[in-house]
Amino acid sequence: MNSVLKPIAHTRMLMFFSLLMCYTIMWVGNMVEATTDEFLTFLLSIFDCYLICALAGVLKKIKLHWLVVIPLVTILFAELFTVLFYHSNFTIYVVLLLFETNTQESSEFIQAVLTQESTWTAVGLTIAAAAIAWLLATASRKQFRYKGAVAFVCFGLIVWSGIRQLSGYYKLGRCFTSASTTICNDPRYCPHLNTPFIRLGYGVAYNMASSAELDVLAETVAETQVESCSFRCPLIVLVIGESYNKHHTPLYGYSLPTTPRLQKLKDEGRLTVYSDAVTPYNFTSNAFKYMFSTWDTDDTDEWTRHTLFPAVFKKAGYRVVFITNQFTMEQTNSWDLAGGTIFNHSGLSDLQFDTRNEHVYGYDGDMLAEIPAIDSLTAQPTLLIVHLEGQHVKYERKYPAEFARFKAEDEATPFGGEQGKQIAAHYDNATYYNDYVVDSIFRIVSNTDAVALYLSDHGEEAYDWRDKFERTNEVTLYPEVAHYQYEIPLMFYTTDSFSVHHPDVIEAIQASARKPFLSSDLCHVLFYLGGIDNREYKEHRNILSPRYDATRKRIIRSDVDYDELMRER
């Protein structure tokens, strides 16, 4: 028994801190509905913490125990922050969200949250846990009457916890060594996610498996086949926004004039605004995975067994041009698995694109110079994809000073006090600038036979219905969260020349503007516009087709029926 308890005797403050860490996260999580099983959290955490102390005891002999202490403090603060800010413990999605941004976005995000109460509450709780751990460690060194009995109980709890937790370690190891997220999703191999260490480890393991899937995806994409192509629309422009809260534009009923240029195009009849579009995920990586892949939740096989729509266009004979202000090859992020790396994987990029830009820009408008000249775009059938940085936090850095039209006093939000109003004003200014950028793209092709689509990867909150901005990942998905974070803008821009040459497409666009749409169906719309016939095309998922199935369930966040959820609102 003494040999088992020896690691604790030498690192008792660390043991107390580790346990307090697990229980503090559980306590705070239960307050904001990021709940975990209290019994399992109490029990399973004991052996996790014991192993940490054993490792620290070994490293202490060579004066490297700080290699355990610093990560431990970081994990406590990080998960407390995600619980308070995102209303979620570490999950595969939160881990991906924390690591998916590039260096610039990470810096901006940190600056944005430094003024948030959640951040400083997490700091305070971390310091409090360290202080209490020190007091308990000091008190435990003193002799007291039942010290032997306490030691025996501790020994029993460690053994009991270890027996229960060993299966969790096995399952976690199975996921770490897997090259498929299917294994990680299998209930037989998914551990109890009741300790911060297992939650973090599972999030990392899952995303590593997701990364390994890309090699399989590249093989599938290389085998892409096209039966025929009529090149129905010779120039197709797809503009993808970022973090666009559609409820911050008059196009969807907002009170402030954040999108005057697009509003003018709508009034002129050249812009058709769709009223009911949603994204399956509220973060870029999985939103792009669903948007660019021809796979869907209706399919029973792996998503890696399906191709990516740019590769289909390239195989069909379209020239595919990709202009992005986030996913250039130099901006590859290790964890941006389904976002950046489906574009930047060494094999996938060449299979999808003929041309792409090499650098990112401070403002989206500066990036437009990368778009090829109109003579080049019209020289052959072309699919032009422009991916903006849009309204990603930090909002005040997403627009030049001359586009600062709105001030805090213009905002009607009652949430977040003056800071909430100021952040909302920055968001509206970023939306106002985005209006200019998108309109500028449309103007580039305005005198050609072209059709353009604009949609966003996901939505955003900007103090709309509570004291919060950006995105969250609550255990319970509320209708209000879906309303602001999952609903997205979708619109079609058509030129005068396009209207003359394609009256049938114009009619289809106008007739479908009020139909429900899920962004994972985008590829089928594009295949129709390109006149591409291939085995991945499903007409019932093409919103422009009279055979479109408007009754299909729109599943968001993998298991929530969006339309059923919104009926509760």
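## Packing of α2 against α4

In this predicted model, helix α2 (residues 12-31) packs against helix α4 (residues 66-86) at an angle of about 10°, and their axes are 9 Å apart. Axes here are lines fitted to C-alpha atoms, for helices over the stretch in contact, and angles run from 0 to 180 degrees between N-to-C directions. Helix α2 is therefore roughly parallel to α4; angles under 35 degrees count as roughly parallel, over 145 as roughly antiparallel, 65 to 115 as roughly perpendicular and the rest as oblique. On the α2 side, the contact (heavy atoms within 4.5 Å) is made by L14, F17, S18, M21, T24, I25, V28 and G29. Helix α4 contributes V68, V69, L72, V73, I75, L76, E79, L80, V83 and L84.

By class, the contact of α2 with α4 has 14 nonpolar, 3 polar and 1 charged residues. In this classification Ala, Val, Leu, Ile, Met, Phe, Trp, Tyr, Cys and Pro count as nonpolar, Asp, Glu, Lys and Arg as charged, and the others, Gly among them, as polar.

## Basis of the model and overall content

Residues are numbered from 1 along each chain as its sequence is written, and side-chain values use heavy atoms, with hydrogens and water left out. Because the model is predicted, local features need pLDDT of at least 70 and side-chain atom pairs count only at pLDDT 80 or more, whereas totals for chains, interfaces and linings use all residues.

The protein has 23 helices and 14 strands, taken as DSSP runs (helices H or I, at least four residues; strands E, at least two) numbered from the N terminus. Of its 569 residues, 59% are buried; buried means under 20% relative accessible area, exposed over 50%, and partly exposed in between (1.4 Å probe, protein chains only). Among contacts with a separation of 6 or more, 79% join residues 24 or more positions apart.

## The mixed sheet

An open sheet of 8 strands has the order β5-β4-β6-β2-β7-β10-β3-β11, with mixed pairing. Two strands pair if DSSP finds at least two bridges between them. The edge strands, each pairing on one side only, are β5 (355-356) and β11 (517-518). Strands β7 (residues 450-456) and β10 (residues 487-494) run antiparallel and are joined by 5 bridges; A452 stands opposite Y493 in β10.

## Helices across the sheet

Helix α11 (residues 260-267) lies across β3 (271-278) and β10, running at about 110° to β3. Helix α18 (residues 417-444) lies across β2 (235-241), β3, β6 (382-387), β7 and β10, at about 160° to β7.

The two helices α11 and α18 also pack with each other, at an angle of about 50° and with their axes 7 Å apart, which means that α11 is oblique to α18. From α11, P260, R261, L262 and L265 meet Y432, D435, Y436, V438, D439 and F442 in α18. The residues of this contact divide into 7 nonpolar, no polar and 3 charged.

A316 is found in helix α13 (residues 309-316) and is buried, with a relative accessible area of 12%. Not counting residues up to four places away in sequence, A316 touches V226, C229, F231 and I532. The C-alpha atoms of A316 and T224 are separated by 9.7 Å, the two residues being 92 residues apart along the chain.

N534 is in the loop between β12 (532-533) and β13 (555-556), and counts as buried at 4% relative accessibility. With residues up to four places away in sequence not counted, N534 touches Q225, V226, E227, V312 and F527. The N534 side chain reaches the backbone nitrogen of E536 at 2.9 Å.

Key: A polar contact is a pair of N or O atoms within 3.5 Å; within protein, one must be able to donate a hydrogen and the other to accept it, and residues adjacent in sequence count only if both atoms are side-chain atoms.
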